[in-house]
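Work through the exercises below with the sequence and the model open. Try each task before reading its solution.

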Amino acid sequence: MSEINRAVKGTNDVLPQDSYRWQFVEKQMLSTAALYGFREIRVPVFEHTEVFLRSVGDTTDVVQKEMYTFADKGGRSITLRPELTAGVIRSAIEKGLINGPLPVKACYVGGCYRYEKPQAGRLREFHQFGVECIGAAEPNADAEVIALARQVLSSVGIEKISLEINSIGCPKCRKHYVDALKEYFNSRRDELCPTCQDRLERNPMRILDCKSPICSAIAADAPVVTDYLCDDCRDHFESVQKHLTAAGITFTVNPHIVRGLDYYTRTVFEFVSGEIGAQSTVCGGGRYDGLIEQMGGQSVPSLGFAMGIERIMLLLENQKTELPCPSPCDLYIAAMGEKAAIKATALCAELRSDGFKVQTDLCGRGLKAQMKFADKSGAAFTMVLGDNELLAGCAKLKNMQTGEEQDADLANLSAVLWEALRSSAYDRLADSILEQ
Ligand code: ATP
Ligand code: MG
């Protein structure tokens, strides 16, 4: 197949017959976030490259290997967002949100772009839902944000997922930890992969995140950050755990989680599933108290998380979770002959303005083919219009599920259809209650 007929490697299409799944999941995400006071923010798909260099960190895999960076026609260096936190923070500083009432609670859904090796759950264009809680320093904020992530996952039908949390301290205590890490990894320098040997000089904590089996084995015996926390960071972490318990959230402390982006401080967390193979982290987040200052604003402690929507979809598929699929068509009007087609156009216009989903033939098909199409497109009811029906001002309304027919007065079609849909929905509901 030539390139013109092929999607770019690592990208996906969501087809019309599947988009209800995405619409349901995104709606659940935004409405759950609203329960906690988060409102949607929309930021551009691209930013000045500097926005990501400053925030994500120039020693991370994302910045070093994965960004889609290009010069635009005006010679600016532009990058397609690899994540949304940086853009949201840029916006919160630029538009003055951080000078208004705090905390600012913002959530988002959007595409992200990373040049990675595509595989199940790892794409070059993928989508994240996430939240940023800007200006909240207290440990109950950490617990609230984690509780929100948990509730979002439950709201789409994901229950079997574990929460792991850690604290990676503040710059003050982290300095001692980084010294200890340097000493440890230096003693095994020759065994590390070349990238990690470089990381040892520039940012030894990144070694803990290396995916090579040898480096991960060495990292497993490295000093753990929780042994180096200062009193304030330890108190904060203990309090986060108390609030999580109060919110009824189960978790385990995993001292090896450091997260892949440089901006985190104190609390970091991940929701991990055993059911989607190697790409098992569905959601990652944490506190980033230094980020806003690092990006040119004042010091405003903040936190957030991001979850990968494709990984959630994968998990829902593996779990065989059925998502509610809205009926695609209430009524299909099959028309025979031009007069009937014109009447069908008038009826469609009237019914659609009353809010019904109505379709008629647009392809000049014969009656049999029209009915076949109506059946395939999932119409709840069908109606055939021909000369006799036009003359009588009345047609048969057929329930496609039961095959039952009733007379429908064309002058009063909205009311008849409404009643028919209502009672058939009632029958379906009664059936499903009886089946239980
Ligand atoms: P990983 O360790 O799997 O590479 P990450 O630490 O790079 O993940 P984050 O930057 O924290 O991921 O992004 C948050 C979430 O976004 C991840 O937990 C994951 O669900 C999703 N995600 C990240 N990269 C991809 C990708 N390339 N394709 C699909 N989803 C992704
Ligand atoms: Mg990654």
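**Exercise 1: a threonine in the model**

T79 has a relative accessible area of 0%, so T79 is buried (under 20% relative accessible area, with over 50% called exposed and values in between partly exposed; 1.4 Å probe, protein chains only). This is a predicted model, in which local features need pLDDT of at least 70, side-chain atom pairs count only at pLDDT 80 or more, and totals for chains, interfaces and linings use all residues. Residues are numbered from 1 along each chain as its sequence is written, chains are lettered from A and ligands numbered from 1 in the order in which they are written, and side-chain values use heavy atoms, with hydrogens and water left out.

Task: Find the strand that holds T79 and the side chain with which T79 makes a polar contact.

Solution.
- Step 1. T79 belongs to strand 4, residues 77-80; strands (E, at least two residues) are DSSP runs numbered from the N terminus.
- Step 2. The side chain of T49 makes a polar contact with that of T79, at 2.8 Å. Such a contact is a pair of N or O atoms within 3.5 Å; within protein, one must be able to donate a hydrogen and the other to accept it, and residues adjacent in sequence count only if both atoms are side-chain atoms.

**Exercise 2: the sheet**

Task: Give the order of the strands in the open sheet, then follow the pairings of strand 9.

Solution.
- Step 1. The open sheet has eight strands in the order 1-5-6-11-10-9-7-8, with mixed pairing. Two strands pair if DSSP finds at least two bridges between them.
- Step 2. Strand 1 (39-40) and strand 8 (252-253) are the edge strands, each pairing on one side only.
- Step 3. Strand 1 runs parallel to strand 5 (residues 104-113), joined by two bridges. E40 has C107 in strand 5 as its bridge partner.
- Step 4. Strand 9 pairs with strand 7 (residues 162-167) in the antiparallel sense over six bridges; N166 has V268 of strand 9 as its bridge partner.
- Step 5. Strand 9 also pairs with strand 10, antiparallel over six bridges, and the partner of V272 there is T281.
- Step 6. Strand 9 (residues 265-272) is largely enclosed by the rest of the structure, because eight of its eight residues are buried.

**Exercise 3: the ligand shell**

Task: Which residues come nearest to ligand 1, and which strand gives the largest share of its shell?

Solution.
- Step 1. Around ligand 1 there are 15 residues, of which R114, E116, R122, L123 and R259 come nearest; a residue is near if one of its heavy atoms lies within 4 Å.
- Step 2. A side-chain N or O atom of R114 is 2.8 Å from an oxygen atom of ligand 1. A nitrogen atom of the ligand lies 2.9 Å from a backbone N or O atom of L123.
- Step 3. T281 places a polar backbone atom 3.0 Å from an oxygen atom of ligand 1.
- Step 4. On its own, ligand 1 has 580 Å² of accessible area, and the protein covers 91% of it (Shrake-Rupley method, 1.4 Å probe).
- Step 5. Strand 6 (125-134), strand 10 (281-287) and strand 11 (302-308) each supply at least two shell residues. The largest share, three residues, comes from strand 10.

**Exercise 4: cysteines**

Task: How many disulfides does the structure have?

Solution.
- Step 1. The search of the whole structure finds zero disulfides, a disulfide being a pair of cysteine sulfur atoms within 2.5 Å.
- Step 2. For C107, the nearest cysteine sulfur is that of C133, 12 Å away.
- Step 3. For C230, the nearest is that of C233, 3.6 Å away.

Note on methods
Helix = DSSP H or I, 4+ residues; strand = E, 2+ residues; numbered from the N terminus.
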